[in-house]
Amino acid sequence: MLKRRQFITATSAALTALSLPVRAQSANKLTLWGPPVTPSVLLAIAAQEGKAKDISPFDVQIWRSPDQLRAGLLNGDIAASIVPSYVAANLYNQGKKVKLFNIMSEGLNYIAAPVANGKPLVASLADLAQHSLVIPFKNDMPDLLLQILYKKAGLDFSAAQVSYTATPPEALVLFLSGKVDCANLPEPLMSLALLKAKEKGKEITRALDVQQLWGEAFNSAARVPLAGLLFTEEFIAQNSAFIAALDEDLKAAVAWSKANPEKTAELAAKYLPFPQEALAAGIPHSRFSAIPAASIEAEILHFYTEMHALNAKITGGRVPDAGLFYRA
């Protein structure tokens, strides 16, 4: 069993190894980027099973941190990537020529908590506010969602016992070591936590489903327009036929992943630094989708409105207009 430092070092190294600069890729291929979480496997399925590759061969690469993503988008190294959806709004409002193409996950964040006497430690946001919590990446999506939900529930997030880590593996280790009561974890990290806890003889659970909390808070569907594929306008202009085929490929990839869960996990393990067992367990909880962003424009703009109300800097100073959304 890996010790704490070994686990963090090994996982961080794997993330780095999976993130090669675009310039290192074949000049004859496009590169589509994705985050180190489960929706990126949809790109991998499209690269393997789809028709867009016959129009333009493409590589799939994984960025290792939100900072690397932002830098790549700003300096031009990344022209097509799955991004946290608020990143698209921020860049657009900065005057960057980008379009949000679709939504590829309707939410994959959960609150992990220990179980005692057959009951989770927390059963509501109000319960969670009374316990210590670790979140990977301050001011990124898991953190922002929870801040909005606390605000909506009338809870004071600033008074909560929240700590942050620079990497997801560090958050997992803090939680499993018992140094914090609960953890805000995205898939497949949540599933990995369940597996690691079982190895240690501990019982933990998905105590709270953040997507369900969102739906209850805003009287809407139990989903969050969490992440989607972003293109630069230059990429769109140069690859219109490819994009049209990719749209169909990604919709087919969602269905393929549900019909072939083991193959999906096996493929995901080639791209993501997680055990195949954790990926297989996490994929059903990742809410894969391939919804055209323009088709749920109102829902996404409401999401941006909540983000903007929390902190105007998140969305780049204002709620974006409908020009952000890709339309063929």
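Is aspartate 247 buried or exposed? We'll come to that residue at the end of this walk through the structure, which is a predicted model.

Let's start with the big picture. The protein splits into two domains: domain 1 takes in 30-107 + 224-324, while domain 2 covers 109-218. Their C-alpha centres sit 24 Å apart. Where the domains touch, domain 1 puts in 28 residues and domain 2 puts in 22.

How much area do domain 1 and domain 2 bury between them? The figure is about 2,200 Å², with 75% of it on carbon and sulfur atoms. On the domain 1 side, look for Val224, His285 and Leu310: together they supply 23% of the area that domain 1 buries against domain 2, more than any other three residues.

There are polar links here too. The interface has 8 residue pairs in polar contact, and 2 salt bridges run between domain 1 and domain 2. If you want to know which elements of domain 1 do the touching, those giving two or more residues are helix 4 (66-75), helix 5 (85-93), helix 14 (276-282) and helix 15 (297-310). Helix 15 has the largest share, with 6 residues. Sorted by class, this side of domain 1 has 16 nonpolar, 7 polar and 5 charged residues.

Now for the salt bridges. The whole structure holds 10 of them. One joins arginine 70 to aspartate 140, at 3.3 Å from N to O. This pair ties together distant parts of the chain, 70 residues apart: arginine 70 is in helix 4, and aspartate 140 is in the loop between strand 8 (133-136) and helix 7 (141-152). Arginine 70 is partly exposed, at 29% relative accessible area, whereas aspartate 140 is buried, at 8%. Asp67 joins in as well, as Asp67, Arg70 and Asp140 are linked in a network of salt bridges.

Another salt bridge pairs lysine 29 with aspartate 59, their closest N and O atoms being 3.6 Å apart. Lysine 29 is in the loop between helix 1 (4-17) and strand 1 (30-34), and aspartate 59 is in strand 2 (residues 58-62). Lysine 29 is partly exposed at 38%, but aspartate 59 is buried at 16%.

That brings us back to aspartate 247, whose side chain meets that of lysine 251 in a salt bridge (3.5 Å, N to O). The two are 4 residues apart in helix 12 (residues 240-259), so about one helical turn separates them. Lysine 251 is partly exposed, at 35% relative accessibility. Aspartate 247 has 17% relative accessibility, so it counts as buried.

How values were computed:
Residues are numbered from 1 along each chain as its sequence is written. This is a predicted model: local features need pLDDT of at least 70, side-chain atom pairs count only at pLDDT 80 or more; totals for chains, interfaces and linings use all residues. Side-chain values use heavy atoms; hydrogens and water are left out. Domain bounds come from an automatic or database domain assignment. Contact means heavy atoms within 4.5 Å. Buried area is the accessible area (1.4 Å probe) that two parts lose on being put together, summed over both. A salt bridge is a side-chain nitrogen of Lys or Arg within 4 Å of a carboxyl oxygen of Asp or Glu. A polar contact is a pair of N or O atoms within 3.5 Å; within protein, one must be able to donate a hydrogen and the other to accept it, and residues adjacent in sequence count only if both atoms are side-chain atoms. Ala, Val, Leu, Ile, Met, Phe, Trp, Tyr, Cys and Pro count as nonpolar, Asp, Glu, Lys and Arg as charged, and the others, Gly among them, as polar. Buried means under 20% relative accessible area, exposed over 50%, partly exposed in between (1.4 Å probe, protein chains only).
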